[in-house]
Each structure stands twice: as C-alpha cells, then as structure tokens.
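Hello,

Here is the structure for you to look through. Please open it first, then read my notes below.

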Amino acid sequence: MDSIIIQERLVERLLSPRTQAQRSHPGKLKDHEKQYVGFATLPNQVHRKSVKKGFDFTLMVAGESGLGKSTLVNSLFLTDLYKDRKLLNAEERINQTVEIIKHTVDIEEKGVKLKLTIVDTPGFGDAVNNTECWKPITDYIDQQFEQYFRDESGLNRKNIQDNRVHCCLYFISPFGHGLRPVDVEFMKALHEKVNIVPLIAKADCLIPSEIRKLKERIREEIDKFGIKVYQFPECDSDEDEEFKQQDRELKESAPFAVIGSNTVVEAKGQRVRGRLYPWGIVEVENQAHCDFVKLRNMLIRTHMHDLKDVTCDVHYENYRAQCIQQMTSKLTQDNRIESPIPILPLPTPDTETEKLIKMKDEEVSTICACASWMLELESRESLQGCPIEVVLRLPLLCPPVGSWGGGQG
C-alpha cells in the first residue's frame, strides 16, 4: 500500500506543470504556480480511496456436473476454493436437488484487495426431470436484489454489503450439437436478472474446426431464441489501436471455449499450467489452444467494472422499478378497500351554483321566521286571561323575528 502511494506521488510530481516548469524554466516557477489549480490530481485521490476501500465481485457458475466449473474458477483466480468438496456418486445424484453454495475469499495483488464471492449451483441439470431446475437460482438472485433494496431504503446506508450477482458463467457441454432445451430455458429465465457469459466447457475434446462450428451454431441459436447474453461495450474513439484490437478479438471469440487445469506440467523446458495427454500437452494459457486468457482478461482486467455497472444500472434498476410499482399499486388497492366510496375533490362552485345556494338559504330563513311567528301567536292566545300590561309588553320580551334566520316574516 505504501509503495503504491509513493509511486503515485512520484508520477504526480513528474507530470505536474510545476515540475515541468521547474525543469524547463526554473526562474518562471511562480507564474506557473498561479496557473496550476490542482484538480488534475482528482483521479489519483479516487484511486487511493478505492484501493484503500477494496473491491468486491460476485461470480456465479452454472452448468451440469463434470464440465470443469470448479477447476476453471481455481485456474482463473489461482486459488483453491473447493478444498472440502465431496463428489457424489450416480445413486446419490438421483435424489439431489439444486443447491446454492457460496465461497468467499479475500485476494490481494500488488496492494489491491478483492473480496471474491463464488456462487456454485451443484445439482443443476443432473436430474432425470429438469423442469424448472433453475427456480432456486432465480430465487437466490432476487433475494440478493431484495436485500440490497432493503438496505438501500434503510436508515444506515453507510456500510451496505453488495451481494448481488454481477456475472454468471454458464457452461455448455461440448458433446452436443448446440444448446439443449435446458440451456435455452435457463438463460431465458436469467437473462433479465444477471449478465450471462456462455462458455464451451472442456474445449480440448474438440478440434479447432469443430470449435468454430459449435460457436457459430450457439450464436445462431442465441439469436433465434432471443437470449440476451452480456454485450461488450463499444470502444471509445480515443482508445488506442491495441485496445480496439483486443476488444474485436473478444467479441469474435464469444462464446469462449475454455480449458481449466490445477496442475503444472513441463512443456519445451518451461513449466506451464496445462493437461498432459499421450499425444501432447494442452496449455491453459496458450491462446492457440483455448480462450482461457481472453476470458480472464475480459472478466478481471478489462470488463469487471462494466459488469458491475450493468448489474447496478440495468438489472437492479429494473428490479427496483418493479418493486416500487408493486408497492404503489398495493397501497392504492388498500386505500380503495378501506374507503369503498371514493372521496373525490370538491369542485370549485361556479356563479349559477352560488345563486342556487343563496336562494336555498333565503328559503330556509323564511321558513324559520314563519315558524317563530306562529309560536308567538300561540303564546299570545294562551295569555288571553292575563292583564293587558303583560300582553302589551310581550313583544319586548320575545326576540325579533329576523334573528331566527335573518329574513322578514
């Protein structure tokens, strides 16, 4: 970590206008100091902060047993994630269901820390009846989206753990003539939720011409069934030619034909990772033998951040919008249940409505005045035997007629 910071500071000093001015014109240093603000060092600040915080990446591997998923993952990251793995026999696989197993390992390379999570799916595609065998996998991906959505909507958003699946490596058997029905249904069930990267497993079982034909067949079937696999982003116009050539090769090589190996063999006086056969040696990192190096470059060196961006900006945003829409519709439905009669906003009364309301008020006032006048007459009739002085003072004791409703009787 300290060595990286020292290198950054050295590069910053060498590339800064102050240093260049000091080399070329030592006497004019103060003029360049006035012109140099310093925001050109912002990328270095972001780099230091990112290196200090570390990175995380979640990779899912799926495919039937025996296609070399575990071996390829160990070859990609030069680690052993399956030390305690137990291999099942044919009888035990009959009753096996699809499981979700997570392996998390912290990897450090040149001061950069990566928290790698491998999500394995043992049991997928191994049963006699594989109807909806992908359901536990889609449920797991949705659960990670839901957990992230809850954490993001909570009060403490400072340390949110991102366990969303950023990429799914799907292993296709090399022994068929393209995609099987379970392959098509699996990718169609997941292509809206995760970045799918199809791989042709155990490519050393095929000769180069067979690999080319199988790749073309798989690409045609992916287009035919409308499967949305991960699309490499277009290169910017300011990229160098080497990067553009590498990007073209990646796009032409998909789906990648890969080979994995955890053993080191000797070939032409050099020790390489590969497989030893009676007819020769297959080198894992030899691009003439397989696409392992292209897959590793794409997955780790060039497109890891883009995989995370697509997961966050596309797949998670689709899930988030769907959740908000469901919550809104449910809330509206609950309000309708609690209030059977819809409460509509009162309209603003116009001139005719105001005149009608005024006429009704005057009619009510007239009726009230008539009623009070009749009560007064009845009270006078009941006082016929009283002295004349009491009868003459009676109107003074009663309230005026207009006070009942504001009208005249």
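The lining of the largest pocket is made up of 17 charged residues, twelve nonpolar ones and six polar ones. Keep in mind that this is a predicted model. The volume of this pocket is about 1500 Å³. In total, 35 residues line it, and those closest to its centre are Phe-55, Asp-56, Lys-113, Leu-114 and Met-304.

Which helix gives the largest share of the lining? That is H12, with six residues. Several other elements supply at least two residues each. Among them are helices H4 (42-53), H5 (69-77), H7 (135-153) and H11 (292-302). Strands E1 (55-62), E2 (101-109) and E3 (112-120) also belong to this group. A probe the size of a water molecule, rolled over the atoms, shows where empty space is left.

Strand E7 (residues 264-267) pairs with strand E8 (residues 270-277). The two are antiparallel and share four bridges. Find Val-264, and you will see Arg-273 of E8 opposite. E7 and E8 form a hairpin with two residues between the strands. Lys-268 in this hairpin has a positive phi near 55°.

What does E8 pair with next? Strand E9 (residues 280-283) is joined to E8 by four bridges, and the two run antiparallel. Here Tyr-277 faces Gly-280 of E9 across the pair. E8 and E9 make a hairpin too, with two residues between them.

Best wishes

Note on methods:
Residues numbered from 1 in each chain as written. Predicted model: local features only at pLDDT ≥ 70, side-chain atom pairs only at ≥ 80, totals over all residues. Heavy atoms only, no water. 1 Å grid on protein atoms, 1.4 Å probe; cavity = no way out; pocket = protein on both sides within 12 Å on 5 of 7 lines; lining within 4 Å. Points joined across faces, edges and corners; volume = space filled by probe spheres on them. Nonpolar A, V, L, I, M, F, W, Y, C, P; charged D, E, K, R; others polar. Pairing = 2+ DSSP bridges.
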